[in-house]
Amino acid sequence: MLVGIDLGTTHSLVSVWSDHGPRLIPNALGSVLTPSVVALDDAGQVLVGAAARERMRSHPRHAVATFKRYMGTDRLSMLGERSFRPEELSALVLKSLLADVEAETGERASEAVISVPAYFSDAQRKATRNAGTLAGITVERLVNEPTAAALAYGLEQRDGESRFLVIDLGGGTFDVSILELFEQVMEVHATAGDNFLGGEDFVDVLAQACCADLGLKKSQLGLADTVELCARMERLKCQLSQGGGSTELSINGRSHAWQIDEARFEQLAAPLLARMRDPIERVLRDARLGAAQLDEVILVGGASRMPMVSRLVTRMFGRLPLRHINPDEAIARGSAVMAGLKSRAAALDEVVMTDVCPYTLGIQTAERLPSGHVQQGIYSPIIERNTVVPTSRSGVYNPLADFSPVLKLRVYQGESVQVASNVFLGELEIELPQAKASEMPVEVRFTYDINGLIEVEATLLATRVKHRLMIQQNPGLLTPAEIAERLAALQHLKVHPRDDQANLAIIARAERLYEERSGSLRQQLAQWLTAFRGELESQEPLRIRAAQRRMQELLTQLEADSPF
Ligand code: AMP
């Protein structure tokens, strides 16, 4: 079975294509949003989702979140004694989603369409594909998140023609794309974004302001206080989307109260809003369109719920954005459409999809100036950004000097004229026969596949010898041997079975509240926990379900009655 997956920075969702359209699959707690958080419990067993998020607050050293930001790098996160790469943590989230699919449909998923930010680089895309391998599935397709969002909307107006601008502000990334739907063909015209701009940056703005107002130094807070501060600010940010906001928090053992209104929040976040303008203006320029030529502006991503984001878009485009599909769900729904397209579902038979590459790709060249001086480090683009994929383009280059023994090709992605400001992807060395430079032209061919993955091939035209650069030497990527090793290691990890998830989340929540509260509330929580554990021992599903409901109500009530 082929599933669609939105592997998000803060939440992940899984969906399948059904006869009635996209169907989102709930997790063991009945929610379609699974927090992208991985934790270890006291016994060293892995928790994923809501229970892990609770544990993050009570045991920050035993939980990791926002690892999507580090995909494509070799950054390690410690969980207890063990270190994990970002793709391993993503694989644990994927496994949890796949278990939900199996529980809900009775079928095991073997393949997936996974959405990635359009602005994800080659290394980040390959890391995502490797995460799929580590989770035991084949990643059939990587779909750009804004493309998926537009597919979810486009499906509703399949008979019309529309030009959409999709603005996706997620937890950690910002993506903008222009797409056109015309005679059942969905075509992406241009895409741009910022991989380091998302809802969390707005949380950070609140945290900085709160610390400044309360006379605290954020950099000097301990880990537990920082986690507590961020959790409070996250909640406050969502409250501010509904109007005013105030919070109480306990830092260094002291309680503090803090208030902020939406107007001040917008003022503080002005630099972030200004950063959102650049990619929006760039896609319009790249697609050679004016704001008036767009039919719809679509807002997706959880952080687009902030009213200041709709206001920015309304100011820029002179119209209200569309947001009737739940912004948390649009990408997952679109991924299911893509899965339906891939498996040739009858209802989607006539929809065709084209996408573009987000970055320019090229090689480093040097030029001999009239003075004889050689200028190094010049970028020579081969595939321009926003070219429709799949695509293959080539350029012909000669060595700089006669009788050079090798020609080094250094491959980059990016938009700057100086290679130093672009991202280095890999290097290819081609041995040259003894000859004059003019007799040794080398054809360099770049291929961008439909998933945005890159291959580079260089052909020495004199001998027709081909060299292939699979851009995998990046330290941020696992080699096939390392993948096999990590796969074996992951299989040895003890992961809580899906059936335990709801109970674990409740226990983790109660334990977190126990740590946060004091005095009689603690006694109360300890009693509830003992009673709840007692019910679990009964092993009677009906009793357990009733106990879960009761416990959730009690904890929600306690949180509401005593914010601190
Ligand atoms: P996503 O990656 O699309 O799941 O988006 C997650 C981001 O959306 C996180 O930074 C959340 O804090 C943010 N978010 C979710 N709901 C709201 C809300 N009501 N107001 C502001 N931000 C929100």
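Student: In which sense do β1 and strand β2 pair, and over how many bridges?
Tutor: β1 and strand β2 (residues 11–18) pair in the antiparallel sense, over four bridges. Strands here are DSSP runs (E, at least two residues), and helices are H or I runs of at least four, numbered from the N terminus. Two strands pair if DSSP finds at least two bridges between them.

Student: What joins β1 to β2?
Tutor: A hairpin, through three residues.

Student: Is β1 mostly covered or exposed?
Tutor: Mostly covered. Six of its six residues are buried. Buried means under 20% relative accessible area, exposed over 50%, and partly exposed in between, with a 1.4 Å probe and protein chains only. L2, G4 and D6 point one way from β1, while V3, I5 and L7 point the other way.

Student: Before I go on, what kind of model is this?
Tutor: It is a predicted model: local features need pLDDT of at least 70, side-chain atom pairs count only at pLDDT 80 or more, and totals for chains, interfaces and linings use all residues. Residues are numbered from 1 along each chain as its sequence is written, and side-chain values use heavy atoms, leaving out hydrogens and water.

Student: What does the protein chain average in pLDDT?
Tutor: 89, and 97% of the residues score at least 70. pLDDT is the predictor's confidence in each residue, from 0 to 100.

Student: Which element has the lowest mean?
Tutor: Strand β15 (residues 245–251), at 75. Strand β4 (residues 34–35) has the highest, at 97.

Student: New topic, the ligand. Which residues come nearest?
Tutor: T10, E234, K237, S241 and A303, of the 15 residues around the ligand. A residue counts as near if one of its heavy atoms lies within 4 Å.

Student: Which helix gives the largest share of that shell?
Tutor: α6, with three residues. α5 (199–214) and α6 (223–240) each supply at least two.
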